Amino acid sequence: MKDFKKYYRITATPEEIYIALTNPITIELWTGEQAEMSTEPGSEFSLWEGSIVGKNLEFEENKKIVQQWYFDGQPEASIVTIKFHADKTATSVELKHTNIPDEDYNDLVEGWDNAYFGALTEFFEAE
């Protein structure tokens, strides 16, 4: 099991990024795929047509999102924590993903960088 932590700088406000990560209609705009998402703690979510599934654990509006991501046969919960730190011109998004199965680590890091935060960054830069 491995952990991954990284900061992404996105030219948008924490409010805009929070909505982009929690509103299923907005998620579909930047992913191009259907999404199931709710800000109700305990609700399950599905992104990229089921490629990513899990449970929403905690929301602090415009500040923090905590989710459990599901991996088949995993003994410990894989927890994703996303925090938003605003500065004058952008938002620093702090990502911490714990208990990633070793065999999924490289694909997950690439996914965070390209498909997830890469696509989100491009979405806001295109506006």
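Let me start at Thr 31, where a polar atom of the side chain sits 2.8 Å from the backbone oxygen of Ile 27. That is a polar contact, meaning a pair of N or O atoms within 3.5 Å; within protein, one must be able to donate a hydrogen and the other to accept it, and residues adjacent in sequence count only if both atoms are side-chain atoms. The side chain of Thr 31 also reaches the backbone nitrogen of Glu 33, at 3.1 Å. Thr 31 belongs to helix α2, residues 24-31. Helices here are DSSP runs of H or I with at least four residues, strands are runs of E with at least two, and both are numbered from the N terminus. Thr 31 counts as buried, at 15% relative accessibility. The classes are buried under 20% relative accessible area, exposed over 50%, and partly exposed in between, with a 1.4 Å probe and protein chains only.

Some housekeeping. This is a predicted model, in which local features need pLDDT of at least 70 and side-chain atom pairs count only at pLDDT 80 or more, while totals for chains, interfaces and linings use all residues. Residues are numbered from 1 along each chain as its sequence is written, and side-chain values use heavy atoms, with hydrogens and water left out.

Next, the sheet. Six strands form an open sheet in the order β1-β6-β5-β4-β3-β2, with antiparallel pairing. Its edge strands are β1 and β2, the latter at 44-47, and each pairs on one side only. From one strand to the next the twist averages 25°, with axes as lines fitted to C-alpha atoms and angles running from 0 to 180 degrees between N-to-C directions. Two strands pair if DSSP finds at least two bridges between them. Between β4, residues 64-69, and β5, which run antiparallel, there are six bridges. One of the residues involved is Trp 69, whose bridge partner in β5 is Ser 78.

Now the salt bridges. How many does a search of the whole structure find? Four, where a salt bridge is a side-chain nitrogen of Lys or Arg within 4 Å of a carboxyl oxygen of Asp or Glu.

Take Lys 6 and Asp 113, with the closest N and O atoms 3.0 Å apart. Lys 6 is partly exposed at 30% relative accessible area, and Asp 113 is partly exposed at 25%.

Asp 87 sits in the loop between β5 (78-86) and β6 (91-100), 78 residues from Arg 9. Arg 9 is exposed at 52%; Asp 87 is partly exposed at 39%.

Another salt bridge joins Lys 64 and Glu 58 at 3.1 Å. Lys 64 is buried at 19%, whereas Glu 58 is partly exposed at 33%.

Last, helix α3. Its 21 residues reach 28 Å from first C-alpha to last, close to the expected 30 Å, which is 1.5 Å times one less than the number of residues. A kink of about 40° is centred on Gly 118, the bend being the angle between axes fitted to the seven residues ending at a residue and the seven starting there. Gly 118 is among the buried residues of α3, which include Trp 112, Tyr 116 and Phe 117.
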